[in-house]
Each structure stands twice: as structure tokens, then as C-alpha cells.
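Me: I would like to go through a structure with you. May I start with the helices and then move on to the aromatic rings?
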Amino acid sequence: MRMSPSVLALAGPRWGADDAFRRMTLAFGLVIVGLAVAMGGTMAVNSRLAWRAFGLPFIWTSTWDPVAEVFGAWPFIWGTLVSSALALSVAVPLGLGTAVFLAEVAPRRLSDAASFAIELLAAIPTVIMGLMGIFILVPLVRWAEPWLARTLGFLPFFRGAPYGVGMLTAGLLLAFIILPYIVSITREIMLTVPRSLREAALGLGATKWEVVRLVVFPYARSGVTGAVFLALGRALGETMAVTMVIGNTPKVSLSLLEPGYSMAAVLANEFAEASSDLYVHSLVAIGLVLFGITIVVNAIARLMIHRATVRAS
């Protein structure tokens, strides 16, 4: 069927605008990809001396000696992974439980007020969180550590002197930092579950807990997974708060009571005082490893979300 000239004249500008919009959004996406590639390439170029001197064993070498110019990233990788895992183990159950209460149990007025207060926590500067950790959390952990050593000292995770600063303190402070992200995002996702699904389950005789477990969580699984991995990315890159309470000791220990070090913390502490090119390149190499870990974490998150979406459909 032939289109009249007036219709073609009307459709032409629309098609042209649509093509321009497509090209513009493509350019925006390419800019983001280009920035990520440029960041990785810059760090790779500026860490070449470290990789040339130490090779891949740089990643699992535990020695960090600026005087002898022997560098290994494993103590910082260990500190970052352990503190982030500990933070998730505390924040995820607490955050999911809080989100379920706010979305499914609490009155709407109370839920909105509490959600606003929780979201304000995410806006607190992390240096303030670090000060709170020093003056509040460190004394509490130092008081609790002797009891933990007496009660759970048969485990390697609770052996050591009661310093107060260390992996346990860093993990707890990180949990408090990432908790608002988990609660806010999970609550918003749960509120998007259609009301008809809840009413249908209740009409079949399901309890409130069964509605949450069998209807709400399966529907919101992909979003909850994304919230958890967003919080994990936040924990991996946290700098100032962790630097102030982790102890900043480059050693690997199974004990959560011992001081440790993270990749972001060593960059913040030692980059300004790096006195040789190899020292600087080793620090940049740690930044490159951290960049790679965050990419891997986000890739795993996307894969899990995709699988959850396919399974739900």
C-alpha cells in the first residue's frame, strides 16, 4: 500500500529524530565504556614496572617491604575480601529483614518515615563513619574481644590480642555503611510486587511469612541480588572508614581480631609517600587488581540477575 506524500512528510522527520536519538544514546554508552577502558589502560601502563619485576606472583606474594623494594599484593587483597565478606554476612540478613518489615509489616506512614531516615544514613560522609568507628565501635569491640577469645578461641577466627582495631571492627563498620543500600533498594523492589499476587496467595490460605517467602522473594529475586552486589561493590571500594579502623598492618591472618590492611587503604596511606618508581607502580598495580575485582563482581552479579530473570520467566 502506497503512502501519501503528506504521510511521508510527517513520518520523515520522526524517523530522522528517532535515528538521531539512537545515535546519541549509543554515543553515551560508548563514552562510559571508553572511560572504563581508559582507566584500565592507564593503570596498566603505570603499573608495568611492578608486573615486569614481580610478574603474576605479585598477586599472591605476602611480602610488602618498601625499603627492600619487594612488593606483594596478597595482604591487601585478603584484607579487602575478608572485611567485605564479613560486612555482607552481617548486613545482608539484617538488611533483608528490615526491608521485609518496612515493605510487608509496618504501617505505611511508619515505613516511609523509617525509610527516609535509613536513606539519610547513606549520605553521611565515610570519614564521619570512621570517627564513629574509632570512638564508639573500637572500644566496644575491644571490650568484647576477650569474651570472644574465651568463648570461641578454639576457632582460628577468634584468637589474638584485644586491639580493638582489626578485621572484625572494619567488617562491622562496613556492614553499617552498606546497610542503607540493601534496605532501601530491597524495600523499593518489594513494593513493586503486584498486590494481586499477594492477595491471591492470602486468598489460598497462605500466611504472611509464606507470602513473603513464596511470592515476594521469588518475584524480587533479581533486584535483591543486584542490591546485594551493589553493596558488595561499595564495601570493596570503601577507603577512609576502613583505613581508620582496620589497623593498617600488611599481614595475612585467619583471626578476625588481628589488624589487617585493604587495597583502598594502602593506596590512601602510601601513595603520597612512595619514593621510587617501582613503589608507585606497585601501588598502581594494586589499584588495577581492585579494578579487576570490581569488574568480576559486577559480571557475576549480571550473570546471576540474568539467570534469575530467565528462571522467573
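Me: Is the crossing of α3 and α6 left-handed or right-handed?
Reply: This is a predicted model, and in it α3 and α6 cross in a right-handed manner.

Me: At what angle do α3 and α6 pack?
Reply: The angle between α3 and helix α6 (residues 167-191) is about 35 degrees, and their axes lie 6 Å apart.

Me: Which classes of residue make up that contact of α3 with α6?
Reply: The contact has 26 nonpolar residues, together with seven polar and two charged ones.

Me: Now the rings. How many aromatic pairs are there in the whole structure?
Reply: A search of the whole structure gives nine aromatic pairs. One of them joins Trp64 and Phe71, edge-to-face, with 4.7 Å from centre to centre and 65 degrees between the planes. Trp64 and Phe71 are both buried.

Me: Why is the pair of Phe76 and Tyr261 edge-to-face?
Reply: The planes of Phe76 and Tyr261 stand at 65 degrees, and an angle over 60 counts as edge-to-face. The ring centres of this pair are 5.2 Å apart.

Me: Where in the chain do Phe76 and Tyr261 sit?
Reply: Phe76 belongs to helix α3 (residues 74-105), while Tyr261 is in the loop between α10 (240-245) and α11 (263-270). The pair links distant parts of the chain, 185 residues apart.

Me: Is Tyr261 buried or exposed?
Reply: Tyr261 counts as buried, because its relative accessibility is 4% and the cut-off is under 20%. Phe76 is buried as well, at a relative accessible area of 0%.

Me: Which residues form the aromatic cluster?
Reply: One cluster is formed by Trp51, Phe54, Phe58, Trp64, Phe71, Phe76, Tyr261 and Tyr279.

Technical notes:
Residues numbered from 1 in each chain as written. Predicted model: local features only at pLDDT ≥ 70, side-chain atom pairs only at ≥ 80, totals over all residues. Heavy atoms only, no water. Phe/Tyr/Trp six-rings, centres within 6.5 Å; stacked < 30°, edge-to-face > 60°. Buried < 20%, exposed > 50% of the residue type's maximum accessible area, 1.4 Å probe, protein only. Helix = DSSP H or I, 4+ residues; strand = E, 2+ residues; numbered from the N terminus. Axes fitted to C-alpha atoms, helices over the stretch in contact; angles between N-to-C directions. Left-handed = near helix turned anticlockwise from the far one by under 90°. Nonpolar A, V, L, I, M, F, W, Y, C, P; charged D, E, K, R; others polar.
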